[in-house]
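Here is a structure to read through questions. Each answer sets a value against its definition.

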Amino acid sequence: PAKSIETNRLILRELEPSDDQGMFAMDSNPKVHQFIGNEPYTDIQQSRDDIEHLRKQYKLNGIGRWAVIEKASGAFIGWAGLKIEKNMNGRREFYDIGYRLREEFWGKGYGTEATRAFLQYGFHELKVERINAFTERDNKASQHILEKCGLCHTEDFDHEGKPTFWFEISRSQYEKQQVK
C-alpha cells in the first residue's frame with residue numbers, strides 16, 4: 001500500500017499517474033515557475049514524465065516528493081516532501097525539503113502545513129539527522145514558510161547563476177522547537 005500522511009486540512013501521499021492533470025495545471029503556470037528557473041510546461045507529457053521520475057525515487061530512495069491533496073475538496077493542489085539531493089552547495093548528499101503548489105492555493109498556509117508534516121516524518125520516521133532546503137534569494141514566500149517551520153538561513157551560494165539561500169535544521173534543533 002502507498003504511504004500517506006494526514007494533517008488537519010491535507011492528505012499527503014505518493015504521486016500516482018492519475019495526478020497528471022493537476023501537475024500540468026500547476027506546472028503550466030508561469031507564476032509557479034518564477035523562482036525555479038524552469039520554463040512553464042507546454043505539454044502534459046512533461047508532467048507524466050515528472051511523476052514517473054518521482055515514483056522511481058520512491059523505489060530507489062524510499063522517499064520523494066508526494067502529492068498534496070486538499071481534504072475538503074479532494075483537489076490535487078501540488079506536491080511537497082523530502083527528497084535526496086546530491087552535489088549542491090558543497091554537500092555530497094542531503095535530504096531536501098520542498099513544495100510546489102497551484103497558484104489558486106497559495107496564501108492559505110498549505111505549504112507550511114505540509115512542510116511541518118514532512119519535518120516530523122523526516123526526523124521521527126526516517127530518523128534523519130538534518131534537513132536542508134534552498135530558495136532563490138528573491139523567493140520571499142518560500143523563505144517565509146521555511147523560517148516559520150524552524151529552518152535557519154545559514155549560507156548564501158550561487159545555484160545555476162542565481163543568488164540562492166541555503167536553509168537547514170538539525171534533529172536536535174527540531175526537537176527543541178517542539179518542546180516550546
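Q: Which residues of α2 are buried?
A: This is a predicted model, in which local features need pLDDT of at least 70, side-chain atom pairs count only at pLDDT 80 or more, and totals for chains, interfaces and linings use all residues. Residues are numbered from 1 along each chain as its sequence is written, and side-chain values use heavy atoms, with hydrogens and water left out. In α2, the buried residues are Ile44, Ser47, Ile51, Leu54, Gln57 and Tyr58. Buried means under 20% relative accessible area, exposed over 50%, and partly exposed in between (1.4 Å probe, protein chains only).

Q: What puts these residues on the same side of α2?
A: They cover an arc of only 125° around the axis, so they sit on the same side of α2. The arc is that of the directions from the helix axis to the C-beta atoms. The face turned away from the buried side carries exposed Lys56, Lys59 and Leu60.

Q: How does the span of α2 compare with the expected 26 Å?
A: Helix α2 (residues 44-61) has 18 residues and reaches 26 Å from first C-alpha to last, close to the 26 Å expected. The expected span is 1.5 Å times one less than the number of residues. Helices are DSSP runs (H or I, at least four residues), as are strands (E, at least two), numbered from the N terminus.

Q: Why do the buried residues of α4 count as being on the same side?
A: Helix α4 (residues 140-148) buries Ser142, Gln143, Ile145 and Leu146. They cover an arc of only 155° around the axis, which puts them on the same side of α4. On the other side, Lys140 and Ala141 are exposed.

Q: Why is cysteine 149 called buried?
A: Its relative accessibility is 6%, so cysteine 149 counts as buried.

Q: Why does cysteine 152 count as partly exposed?
A: Cysteine 152 has 37% relative accessibility, and therefore counts as partly exposed.

Q: Which residues touch the most other members of the largest nonpolar core?
A: Leu12, Ile97, Leu119 and Leu151 do, in a core of 43 residues. Helix α3 (residues 110-125) gives the largest share, seven residues. A nonpolar core is a set of buried Ala, Val, Leu, Ile, Met, Phe, Trp, Tyr and Cys residues joined through side-chain atoms within 4.5 Å.
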